[in-house]
Amino acid sequence: MRLLRFLLFPFAVLYDVITRIRNWFFNLGILKSTSFDIPVIAVGNLSVGGTGKSPQIEYLIRLLKDDYNIAVLSRGYKRKTEGFQVVNDTHTAEDVGDEPLQFYKKFKKDVTVAVDADRTNGIQQLLQRNNPPEVVLLDDAYQHRKVTASSYILLTKYNDLFVDDFLLPTGNLRESRRGAKRAKMIVVTKCPENLSEVAQEKIVRKLNPKPYQKVFFTTIAYDENLKGTNELTIDDLQDKEVLLVTGIANPTPLLNFLKEKKVSFKHLNFPDHHNFTNQDIENIKKSYETLPSQQKIILTTEKDYMRLEGKVDSLNYISIKSHFISEEKVFNSLVLSEVKKIN
């Protein structure tokens, strides 16, 4: 692996030059970037892979939905449709992407969820609708420089900080670490629940935030009550044979959580945002049928449930939330102040 990274290093340098020129052109106004008269909050990361964007978007929805008309705009990764789409009851994950469908099913009474690879057009379309949004949350749009967001929230994983990474293809960074300066809030995600203040301070020093930036720490909180076919709790799984099906970037935290809960499971692991084929579904069914116990279920993540619902029986999912280890009120206050500054 080290040899491969060494061989790919020249390409990473070239990638750095290209992304630096692109950002420079946007900063100078040579490439057009559109700003809007309403608060636009972009949530994203510098690296590829799962950093917990969906739980963070959902956290912001819960924070803002009672006081503002909110829209969530995503590109709809791996969807089969094109252009601007407002998510509705007829859509599937293949139509709009798994995460936008998840947002819609969970919050459809509170938010408008839309997809468009062209975020500028997407926001413009949303603003032309009846009852237009007062706040737009941009999902996974940190590098989408064609829109100038009013505020940027940068996510970075506890065990894979962007300052420890390198540019593609040598590392996993989409752009240089210098891109972090656009963020006003940096959230270290997927931390251990018992992360000490000393450990937090050490990470803050490592991230070396600008004077205008604030660093926060969150962990993943799993819902003890499962949703789907059966009304079960996590503890109920101790008496069942579980087939765990995941198609997420990093299932390790979920695996560890189930092990801590003494749940016995067989794991079928697929790539992130995997579109399950008919053959995949057949393999899942066969794996489920071969489980020795009659007391058995299929367990998946909420995101994967969006792509598996209706295709297999006895399907349940476990949902997650972003939980602040400390200074949650400070984070909320900063977000609200950013919104009120424009509203």
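Q: How many aromatic pairs does the structure hold, and what makes two rings a pair?
A: Ten aromatic pairs turn up. Rings of Phe, Tyr and Trp (its six-membered ring) pair if their centres lie within 6.5 Å; planes under 30 degrees apart make a stacked pair, over 60 an edge-to-face one, and the rest are tilted. This is a predicted model, where local features need pLDDT of at least 70, side-chain atom pairs count only at pLDDT 80 or more, and totals for chains, interfaces and linings use all residues. Residues are numbered from 1 along each chain as its sequence is written, and side-chain values use heavy atoms, with hydrogens and water left out.

Q: Why is the pair of Tyr59 and Phe331 called edge-to-face?
A: The ring centres of Tyr59 and Phe331 are 5.8 Å apart and the planes meet at 65°, so edge-to-face it is.

Q: Are Tyr59 and Phe331 buried or exposed, and how do you know?
A: Buried means under 20% relative accessible area, exposed over 50%, with partly exposed in between (1.4 Å probe, protein chains only). Tyr59 comes in at 11% and Phe331 at 0%, so Tyr59 counts as buried, and so does Phe331.

Q: Why does the pair of Tyr305 and Tyr317 count as tilted?
A: With centres 4.6 Å apart and planes at 45°, the rings of Tyr305 and Tyr317 form a tilted pair. Tyr305 belongs to helix 9 (residues 302-308) and Tyr317 to strand 13 (residues 315-318), twelve residues apart. At 12% relative accessibility, Tyr305 is buried, and Tyr317 is buried at 11%.

Q: Which residues do ring pairs link into a cluster, and what puts Lys214 over the face of Phe216?
A: The cluster consists of Tyr59, Phe216, Phe324 and Phe331. A charge sits over a ring if NZ of Lys or CZ of Arg is within 6 Å of the ring centre and within 35 degrees of the ring normal. Lys214 lies over the face of Phe216 at 5.9 Å from the ring centre, while Arg182 does likewise for Tyr152 at 6.0 Å.

Q: Which strands stand at the edges of the sheet, and why?
A: Five strands run in the order 9-13-12-10-11 as an open sheet with mixed pairing. Strand 9 (227-228) and strand 11 (265-269) each have a single partner strand, so one side of each lacks a neighbour in the sheet.

Q: How do you know that strand 13 pairs with strand 12 and with strand 9?
A: Two strands pair if DSSP finds at least two bridges between them. Strand 12 (residues 296-301) is joined to strand 13 by four, running parallel, and strand 9 by two, running antiparallel. Tyr317 is the bridge partner of Thr300 and of Lys227.

Q: How do you know that the buried residues of helix 5 line one face?
A: The buried residues of helix 5 (residues 119-127) are Arg119, Thr120, Gly122, Ile123 and Leu126. Seen down the helix axis they fall within an arc of 165°, so they line one face; the arc is taken over directions from the axis to the C-beta atoms.
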